[in-house]
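I opened a structure today and kept notes on what I looked up. The entries follow in the order I made them.

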Amino acid sequence: MNEHDTALWWAKIRSGGPQQAPAGSPSPAGMRRLVEPDAQSVWFLPNLPPSAAPEVLAEYRQEPATLQDSAGTLRVFAACLRCCWPDPGTDLWPGQLADLTDVDQVLQQLTPGRDRASRRKLLSASLRRLEASRWVLQTADRVRLGPRVTGWGSLELSTLRELWRMIPDPQPKSDPGGGEAP
């Protein structure tokens, strides 16, 4: 890859965050390459040092490892994390696909005071925010963890594994007392 192509990739990252490319694409200098589970595409993320200042992270659309809770977005992310990472002893990326109904069931347990319509609105808006920043990737009725989760270091992952244990499981679909349907 020449300097011009590398500069273009860096410009794409700076303007739009992590970028997806077809498998076999050459890697731009200074970027991490994450292969999708189906090996059909890869994600390019800046390989920035953990000590990068917030201004540098912002310039490359790499928010700090912590997420801001915008109207319950962290609860939605927690529900996605619980459903997409069924075993905290395994690697976080790429996780597994999870049905939105399962995510909604976990969210229902995390937000017991919300009615169904309010919870669905929260889920929809939060998933848009999380997908825009590549914390999750969403299809029509499924979600999985996005490439941004690979930015967490061993200390953050250790803490996350402890928090994971506090997030409720989605209730089994065959459970007759499983609560309201999404």
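**Entry 1**

I began with strand 1 (residues 19-22), which is joined to strand 3 by four bridges, the two running antiparallel. Strands here are DSSP runs of E with at least two residues, helices are runs of H or I with at least four, and both are numbered from the N terminus. Two strands count as paired if DSSP finds at least two bridges between them. This is a predicted model, in which local features need pLDDT of at least 70 and side-chain atom pairs count only at pLDDT 80 or more, while totals for chains, interfaces and linings use all residues. Residues are numbered from 1 along each chain as its sequence is written, and side-chain values use heavy atoms, with hydrogens and water left out.

Strands 2 and 3 form a hairpin with five residues between them, and alanine 39 in the turn has a positive phi of about 60 degrees.

Next I asked how many residues of strand 3 (residues 41-46) are buried. The count is six of six, where buried means under 20% relative accessible area, exposed over 50% and partly exposed in between (1.4 Å probe, protein chains only). Ser41, Trp43 and Leu45 point one way from strand 3, Val42, Phe44 and Pro46 point the other way, and all are buried.

**Entry 1: proline 28**

I found proline 28 in the loop between strand 1 and strand 2. Proline 28 is buried, with a relative accessible area of 3%. Which residues does proline 28 contact, leaving aside its neighbours within four places in sequence? They are Met1, Thr6, Trp9 and Phe44, with contact meaning heavy atoms within 4.5 Å. Threonine 6 is 22 residues away from proline 28 along the chain, yet their C-alpha atoms are separated by 5.0 Å.

**Entry 2: strands 4, 5 and 6**

I then turned to an open sheet of three strands, with the order 4-6-5 and antiparallel pairing. Strand 4 (98-99) and strand 5 (136-138) are at the edges with a single partner strand each, so one side of each has no neighbour in the sheet. Strand 5 is joined to strand 6 (residues 142-145) by three bridges. In this pair, leucine 137 stands opposite arginine 144.

Helix 3 (residues 73-84) lies across strands 4, 5 and 6, at about 85 degrees to strand 6. Axes are lines fitted to C-alpha atoms, for helices over the stretch in contact, and angles run from 0 to 180 degrees between N-to-C directions.

**Entry 3: the cores**

I looked for nonpolar cores, meaning sets of buried Ala, Val, Leu, Ile, Met, Phe, Trp, Tyr and Cys residues joined through side-chain atoms within 4.5 Å. The largest has 34 residues, and Leu92 and Val143 touch the most other members. Helix 3 gives the most to this core, with eight residues. Leaving out residues up to four places away in sequence, leucine 92 touches Leu81, Trp85, Leu145, Val149, Trp152, Leu157 and Leu160. A second, separate core has seven residues, including Trp10, Ile13, Ala21 and Val42.

**Entry 4: helix 4**

The contact is made by Leu100, Val103, Asp104, Leu107 and Gln108 of helix 4 and Arg119, Arg120, Leu122, Leu123 and Leu127 of helix 5.

**Entry 5: the whole chain**

Last, I noted the totals. The protein chain has six helices and six strands, in the pattern α-β-β-β-α-α-β-α-α-β-β-α along the sequence. Of its 182 residues, 41% are buried. Among contacts between residues at least 6 apart in sequence, 57% join residues at least 24 apart.
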